[in-house]
Amino acid sequence: MKRVVITGAGTINALGATVPQTLEAMREGRCGISELEFRDVERLSIRIGGQVRNYDPETRFNRQQLAPFDRFTQFTMIAAREAIAQAGLSFSGELAARAGVILGNSGGGMTTLDENYRSVYEDGKNRVHPFVVPKLMNNAAASHLSMEFNLKGPSFTVSTACASSNHAMAQAFQMVHGGITPVMVTGGSESMLCFGGVKAWEGLRVMSRDACRPFSANRNGMVQGEGAAIFVFEEYQHARKRGAEILAEVAGFAMTSDASDIVMPSKQGAARAMLGALKDARVNRDEVGYINAHGTGTAANDKTESAAVADVFGAHSDRLMISSTKSMHAHLIGGTGAVELLACIMALRDGIIAPTIGYEEPDPECALDVVPNVAREARVDVALSNAFAFGGLNAVLALRRFG
Amino acid sequence: MSIKDRVIAIIAEQAVLDPSDVSLDNTLDDLGIDSLGLVESIFAIEEEFDITVPFNANEPSESDFDISSVSTIIAGIERLVKDQS
């Protein structure tokens with residue numbers, strides 16, 4: 001089997017418009033959550049989110065490009081340009097024929113859907129723009145990315161709610177690992193911060209009105225975010241031969257299904273996914289120094305995840321660090337695992353552990369080192385990234401420090 | 001129908017029971033209503049009475065709205081209907 005390394009990373013999210021900006025914000029424990037700004041926000045009871053600010057699509061894309069790009073596609077393209085520029089790859093000939101793109105995305109073009117439903121239902125219009133369907137389809141971002149970069153290999157979109165990105169990246173890893181292709185572009189994107197998107201989440205009564213405080217005893221729910229993160233996964237020898245900079249090694253993954261409840265998480269499902277990732281990556285549990293938690297800030301997730309970590313790691317769970325960066329960039333739903341992979345890369349490559357901010361009161365049911373409020377320097381050899389979706393679909397990635 | 005009977009009818013429907021099988025001192029747990037069932041019942045109550053119930057599933061005990069038994073739920077709804085009418 002081939003070794004798989006990451007040679008490019010790109011992002012745009014509430015913490016920054018590039019990877020360096022995002023990592024700087026994570027190091028400083030900055031919060032990207034603020035008052036939401038969009039039409040009809042006053043009709044919501046939840047009015048905070050991790051919204052991408054100071055963003056003008058016209059400065060990023062020309063008018064012709066923008067016409068078929070929903071906001072989630074725009075974010076994808078911005079992140080992909082940064083990642084592929086860093087990797088220094090251009091795709092032609094044999095490489096173009098084999099390389100593809102697998103993205104995780106849950107809501108698709110929800111802003112497009114929201115705007116056009118409003119137009120036909122509320123405004124009573126009987127005509128919609130011809131690009132509504134190609135804009136809102138879940139695979140639009142993957143398709144536009146394949147077109148811009150000439151990726152002609154296997155390309156598709158994975159939709160598993162909050163685990164979409166991790167499932168997508170695990171699948172991309174497997175394609176490179178198994179020798180199908182030397183390069184895959186992967187990650188995820190989401191943009192549900194529109195009236196209908198937030199209203200739907202509001203109905204479930206799991207959203208916080210004031211802050212995302214994962215693992216803190218006074219946590220009161222999740223906060224939605226938006227954005228994208230894209231990575232270049234490359235076969236190690238292919239990267240080495242061309243002298244590419246290696247950010248980290250993707251060592252393995254596991255996927256499990258709880259097969260129990262459509263919204264409540266399961267300790268067993270989460271634990272099996274973490275154990276499976278360790279086994280696939282051939283690492284001992286005491287080698288794991290950092291876990292980027294799913295850590296949504298809901299009562300149910302954080303205690304279940306903490307119990308699963310304690311079960312998997314036993315005595316070592318007191319020595320490892322686990323943080324939820326959702327406290328800063330909020331929950332990007334289908335795109336969240338991709339942005340969170342950046343925190344794993346920072347831990348492995350830079351030796352800096354992103355904190356769980358907003359941490360105010362210890363919870364005996366989450367008695368782990370959650371790196372409260374302030375980033376920490378530490379050498380980490382192996383990191384896990386957890387994602388546990390509604391519907392009980394779990395995906396955990398294992399990354400290893402390179403060099 | 002009184003507020004009490006309308007709330008009991010909603011809870012009974014969620015629990016798939018006859019309203020006569022729901023007693024005032026029952027907890028939701030007694031009736032087999034889980035957290036998602038509770039959120040659904042609250043939605044049905046809000047629709048029935050055209051009110052807003054302040055309830056966050058992450059901190060059920062923090063809400064002003066007491067869900068510890070059928071009778072406390074009814075008392076809470078009676079108060080909200082009065083306040084929000």
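Residues are numbered from 1 along each chain as its sequence is written, chains are lettered from A and ligands numbered from 1 in the order in which they are written, and side-chain values use heavy atoms, with hydrogens and water left out. In this predicted model, local features need pLDDT of at least 70 and side-chain atom pairs count only at pLDDT 80 or more, while totals for chains, interfaces and linings use all residues.

**View 1. Helix α3 of chain B, residues 70-84.** Helices (H or I, at least four residues) and strands (E, at least two) are DSSP runs, numbered from the N terminus. α3(B) has 15 residues and reaches 21 Å from its first C-alpha to its last, close to the expected 21 Å (1.5 Å times one less than its number of residues). B:Val70, B:Ile73, B:Ile74, B:Gly76, B:Ile77 and B:Leu80 are buried (under 20% relative accessible area; exposed is over 50%, partly exposed in between; 1.4 Å probe, protein chains only). They lie on the same side of α3(B), because they cover an arc of only 160° around the axis (taken from the directions from the helix axis to the C-beta atoms). On the other side, B:Lys82 and B:Asp83 are exposed. The buried residues pack against α1 (3-15) and α2 (35-49) of chain B.

**View 2. A:Asn105 in the loop between β4 (100-104) and α5 (110-122) of chain A.** The relative accessible area of A:Asn105 is 2%, so this residue is buried. A polar atom of its side chain lies 2.9 Å from the backbone nitrogen of A:Gly108. Beyond its neighbours within four places in sequence, A:Asn105 has contacts (heavy atoms within 4.5 Å) that include A:Phe72, A:Asn138, A:Ser164, A:Glu190 and A:Gly334.

**View 3. Helix α8 of chain A, residues 164-177.** α8(A) has 14 residues and spans 20 Å between its first and last C-alpha, close to the 20 Å expected. Because 12 of the 14 residues are buried, α8(A) is largely enclosed by the rest of the structure. Among the buried residues are A:Ser164, A:His167, A:Met169, A:Phe173 and A:His177. A:Gly179, with a positive phi near 85°, follows α8(A).

Notes: A polar contact is a pair of N or O atoms within 3.5 Å; within protein, one must be able to donate a hydrogen and the other to accept it, and residues adjacent in sequence count only if both atoms are side-chain atoms.
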